[in-house]
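Subject: Structure for you, with notes on helix packing and a pocket

Hi,

Here is the structure I promised to pass on. Could you have a look when you get a moment?

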Amino acid sequence: MYDVIVIGGGAAGMLAASVAAELGARVLLIERNDVLGKKLHITGKGRCNITNICSTNEVLENIPTGGRFLYSSLTGFTPDDVMTLFESLGVALKTERGRRVFPNSDKAGDVVLALERYMKKNRVSVKTGRVRRIIAEDGRVAGVETQDGAVSCSAAILATGGMSYPGTGSTGDGYLMASALGHSITPLRGSLVPLVAETETCSRMQGLTLKNVKLFVFDGGKKPVFEDFGELLFTHFGLSGPLALSASAHMRDYENTKYHVLIDLKPALDEKKLDLRVLRDFDKFSNRDFSNALGDLLNRLMIPVVIEKSGIPPGKKVHSITRDERLGLVRLLKSFRLDIEGPRPVEEAIVTSGGVALGEINPKTMESKLVSGLFFAGEIIDADAYTGGYNLQIAWSTAVAAARGAAAHLE
């Protein structure tokens, strides 16, 4: 007999188990993988961006889905609290561009080990296995059924993650368990996910990484809905890399909206200075064909695509290119357009958008409004954020709220 059973040994699950046990509950954590924190190990390219140094209101500004619902949990366990906790667990931290907080070691494994130490310190029992369902009697949690049989408990915390990266164990089991108990699941899709864009065009540049470019996202309006500076990768299907993943979180209505992106290939130069640069190259290669005059300006994989989009005949001699053609090329380099067809599958996303409907959860305790003693933490709920440490902050804050709620439920 346990007081609390936590289902899922990821970021939210490990922290929820530790805090509930620290508050006096007898806790069992059940994880289907042989190792804990499997997805956490690969978060932030293996470096683990644990939070963002900012106020609660600033965190909320970076949560397009579920921000209002998360106010209570975020004020109950803030970014400062996250940093204090991990430093107390022996993880030295550093802050990088965009106020993103990482372990000094740049090793996500150190975060996982710290959480494992926290659980061990508070005598959390850990079991490997798959939970088949949560047992409820008379509208209350009574236990969980595993592949090895039933285990009794008074409270259960569902922290099974979403649908992204199924190889880490996030295969949607939690949604099925919640649904079986009457909970609604909002539509699931990827957020922070690669983008399908003009496949024929992008596939010609497959493998090309653009560094230090600026990306703008448009939804049909005159003003961009997102813009950022960084790295972009062309793939056989479209766009990936940090800029594409960040941009994807701002594209949430593909059914009713036609999105496109503009890439500024030379953000360090305004159009006037870029025109002077192009003029120098044209002077240098004045007797060459246009197709052989862009090697100093662009990567070889991009040259044929830019030539095609420019409308300038590839065999035209550079000295014959008109002023209007040259200025058109400059504008193209400052606003290289690609139409977005949609996101890649949710399985390829960093974060799942959608999940257990928020209206069915108490925002202060993360307890189900339908089943007494059932709590939720982390990605399983219908809340997700932009990149920058905000999604892990949601995991930490909801985990602590659920743990406190579960411990109070026992009183």
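This is a predicted model: local features need pLDDT of at least 70, side-chain atom pairs count only at pLDDT 80 or more; totals for chains, interfaces and linings use all residues.

**Helix 1 and helix 13**

I'd begin with the pair formed by helix 1 (residues 11-22) and helix 13 (residues 390-409), whose axes lie 8 Å apart at an angle of about 30°. Angles under 35 degrees count as roughly parallel, and helix 1 and helix 13 are therefore roughly parallel to each other. The crossing of helix 1 with helix 13 is right-handed. From helix 1, the contact takes in Ala 11, Ala 12, Leu 15, Ala 16, Val 19 and Ala 20, and from helix 13 it takes in Leu 392, Ala 395, Trp 396, Ala 399, Val 400 and Ala 403. By class, that is twelve nonpolar residues, with no polar and no charged ones.

**Helix 2 and helix 6**

Next come helix 2 (residues 38-46) and helix 6 (residues 108-121), which pack at about 150° with 8 Å between their axes. This crossing is right-handed. On the helix 2 side you'll find Leu 40, His 41, Thr 43 and Gly 46, which meet Ala 108, Gly 109, Val 111, Val 112 and Leu 115 of helix 6. The contact of helix 2 with helix 6 has five nonpolar and four polar residues, and no charged ones.

**Helix 11 and helix 12**

The crossing is right-handed here. Val 306, Lys 309 and Ser 310 of helix 11 make the contact with Leu 329, Leu 332 and Leu 333 of helix 12. The classes here come to four nonpolar, one polar and one charged residues.

**The second largest pocket**

Finally, have a look at the second largest pocket, which holds about 220 Å³ of space. Which residues sit closest to its centre? They are Asn 62, Arg 100, Phe 226, Asp 228 and Thr 387, out of the 13 residues that line this pocket. By class, the lining has three nonpolar, seven polar and three charged residues.

That's the lot from me.

Cheers

How values were computed
Residues are numbered from 1 along each chain as its sequence is written. Side-chain values use heavy atoms; hydrogens and water are left out. A crossing is left-handed if the near helix is turned anticlockwise from the far one by less than a right angle, and right-handed if clockwise. Helices (H or I, at least four residues) and strands (E, at least two) are DSSP runs, numbered from the N terminus. Contact means heavy atoms within 4.5 Å. Ala, Val, Leu, Ile, Met, Phe, Trp, Tyr, Cys and Pro count as nonpolar, Asp, Glu, Lys and Arg as charged, and the others, Gly among them, as polar. On a 1 Å grid over the protein atoms alone, a cavity is a set of points where a 1.4 Å probe fits but cannot get out, and a pocket is an open set with protein on both sides within 12 Å along at least five of seven lines; lining residues have an atom within 4 Å of a point. Grid points are joined across faces, edges and corners, and a volume is the space filled by probe spheres set on the points. Axes are lines fitted to C-alpha atoms, for helices over the stretch in contact, and angles run from 0 to 180 degrees between N-to-C directions. Angles under 35 degrees count as roughly parallel, over 145 as roughly antiparallel, 65 to 115 as roughly perpendicular and the rest as oblique.
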